[in-house]
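Please look over the sequence and the structure shown below. The report that follows takes up strands, a helix and charged pairs in turn.

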Amino acid sequence: MSLITYSYHMTINNTKTYSFAQVTFYDTFVHCLFNEDLELVSKEKALEIVNAVNKFYGNQKYVLISERGLNTQFDSEIMESLDLHKMKGLAIVSPNGDERRQQLIKEQSYFEGSFAFFETFEAAKEWALTF
């Protein structure tokens with residue numbers, strides 16, 4: 001495991017690559033970049049990522065940045081079956097689109113913590129660093 005430190009005190013602690021996404025663990029947040037050609041984040045894929053994130057952070061609370069393309073669908077109802085009690089914030093990074101905004105409003109209703117929508121990872125990262 002190599003550590004890469006940036007000037008704004010953000011460290012990459014680990015990266016996991018899946019067939020459908022790349023997950024990068026930082027000190028206080030995790031960035032999940034889904035493959036551009038992924039059509040659906042299934043319950044199995046979501047469970048795999050959430051379990052890895054919870055294992056990595058242990059008892060520490062974290063922010064999840066989920067970056068997915070406009071055509072990548074996520075069934076927000078599966079959030080009820082995920083262990084999200086240590087997730088203090090959820091940021092979605094995705095291209096702008098009216099259809100996506102309606103999906104995100106539905107997704108937000110299943111999450112009790114802070115929730116935000118961004119068009120770039122940089123903006124989401126700045127938000128995540130405020131926690």
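Strand β2 (residues 11-17) and strand β3 (residues 21-26) run antiparallel and are joined by five bridges, where two strands count as paired if DSSP finds at least two bridges between them. Helices (H or I, at least four residues) and strands (E, at least two) are DSSP runs, numbered from the N terminus. This is a predicted model, in which local features need a pLDDT of at least 70 and side-chain atom pairs count only at pLDDT 80 or more, while totals for chains, interfaces and linings use all residues. Residues are numbered from 1 along each chain as its sequence is written, and side-chain values use heavy atoms, with hydrogens and water left out.

The pLDDT, which is the predictor's confidence in each residue from 0 to 100, averages 87 over the protein chain, and 90% of the residues score at least 70. Over residues 1-9, however, the pLDDT is below 50.

A hairpin of three residues connects β2 to β3, and Thr-15 stands opposite Thr-24 in β3. Thr-24 counts as buried because its relative accessibility is 8%; buried means under 20% relative accessible area, exposed over 50%, and partly exposed in between (1.4 Å probe, protein chains only). Leaving aside neighbours within four places in sequence, Thr-24 is in contact with Ile-12, Asn-14, Thr-15, Phe-29, Val-30 and His-31, contact meaning heavy atoms within 4.5 Å.

Helix α1 (residues 43-57) has 15 residues and reaches 21 Å from its first C-alpha to its last, close to the 21 Å expected at 1.5 Å a residue, the expected span being 1.5 Å times one less than the number of residues. Among its buried residues are Ala-46, Ile-49 and Tyr-57, and what covers the buried residues of α1 includes β2, β3 and β6 (62-67). After α1 comes Gly-58, whose phi is positive, near 60°.

Which salt bridges does a search of the whole structure find? The search finds two, a salt bridge being a side-chain nitrogen of Lys or Arg within 4 Å of a carboxyl oxygen of Asp or Glu.

| Salt bridge | N to O distance |
|---|---|
| Glu-107 and Arg-68 | 2.5 Å |
| Glu-122 and Lys-125 | 2.7 Å |

Glu-107 lies in helix α2 (residues 98-108) and Arg-68 in the loop between β6 and β7, so the pair ties together parts that are 39 residues apart in sequence. Glu-107 and Arg-68 are both buried. Glu-122 and Lys-125, by contrast, both lie in helix α3 (residues 121-128), three residues apart, about one turn of the helix. Glu-122 is partly exposed, with a relative accessible area of 45%, whereas Lys-125 counts as buried at 2% relative accessibility.
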